[in-house]
Each structure stands twice: as C-alpha cells, then as structure tokens.
Amino acid sequence: MRYEKHERERVNNSTRCYLGCKIFATVAMCFVAFFLFAHSAEAANRYWVGGAGNWSDDTNHWATASGGAAGAGNKPGTADTAIFDASSGGGTATLNEIVSITAFNMQTGNTTAVTTSTSNYALTTSGNFTIIAGTFTPQ
C-alpha cells in the first residue's frame, strides 16, 4: 500500500513538472517569436517623391513605393530605410528635423540633393549610408 501511494505521488509530481515545463517552453517560444517578427514587421523602405521640400513633410514627400503616392505616416522612422531614386523628382530635400533611421540610400538615377539646412539637424543611421547618385551636403 505504501509503495502504491508513493508511486502515485511520484507520477503526479512528474506530470506536474512536465506540464509546467511545457507551458514555460510554449510561453518562452511565443516571446521569442514576437520579438523576432515584431521588429521585422515594422522595418520598411520609404521613398522620397515630389521634388524639393522638407524631410518632415510626409504628406507631400514620402511614399511606400518608388514613384508612389506620398501620404501622412510614410516618413521613415528608426527601423526604416530612406531611399532617393530616379523617381524622387530632383530639387533639394532639406533636413528640417533630427532624423534617426536604419539606412540612407541615394540610388542610381537620383538627382535630388539632400541638405541638413542651416540649423544643422543630425541624420543618424544604424546601418548603411550610401550615395551613388545625387548629393548630400551637411551645412
């Protein structure tokens, strides 16, 4: 009788440990997946369109596709890449605010000049800063 009681307790404890470990592993995997995919879901390419203007004017100058329509909320954020390409429209894009982005890319065919304005606003990238065509002029 004693042996059976002890064996039942051992099985119950083993089952509890197994279930507890399984729940912990499932929760841990959910956290890992969330943090991996949350970051990649936010990162995007943002394209300058519409020619001359201020960096902060997303309504008229930032699009989600090359040559696409500009719109509010399209300005590149910290996880995004700012791209100037053949569809950017030329003229001067003026940095009129502090900017922190993942990458800055002035591609082949771009004729836009980017300047930091007389207020010397900083442009910081955590990744690449590439100029193939066009100009970037810090003041």
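This is a short chat about the predicted model shown above.

Visitor: How many helices and strands are in the chain?
Guide: The chain has two helices and 11 strands, where helices (H or I, at least four residues) and strands (E, at least two) are DSSP runs numbered from the N terminus. Residues are numbered from 1 along each chain as its sequence is written, and side-chain values use heavy atoms, with hydrogens and water left out. As the model is predicted, local features need pLDDT of at least 70 and side-chain atom pairs count only at pLDDT 80 or more, while totals for chains, interfaces and linings use all residues.

Visitor: Which strands form the open sheet?
Guide: Four strands form it, in the order 2-5-8-11 with parallel pairing; two strands pair if DSSP finds at least two bridges between them. Strand 2 (53-54) and strand 11 (135-137) are the edge strands, each pairing on one side only.

Visitor: What stands opposite N54?
Guide: That is T94 in strand 5, and strand 5 (residues 92-94) pairs with strand 2 over two bridges.

Visitor: Now the core: which residues touch the most other members?
Guide: In the largest nonpolar core, which has 13 residues, they are W55, F84, I101, F104 and L123. Such a core is a set of buried (under 20% relative accessible area, 1.4 Å probe, protein chains only) Ala, Val, Leu, Ile, Met, Phe, Trp, Tyr and Cys residues joined through side-chain atoms within 4.5 Å.

Visitor: And what is F104 in contact with?
Guide: Leaving aside neighbours within four places in sequence, its contacts (heavy atoms within 4.5 Å) include W55, F84, L123 and F136.

Note on methods
Buried means under 20% relative accessible area, exposed over 50%, partly exposed in between (1.4 Å probe, protein chains only).
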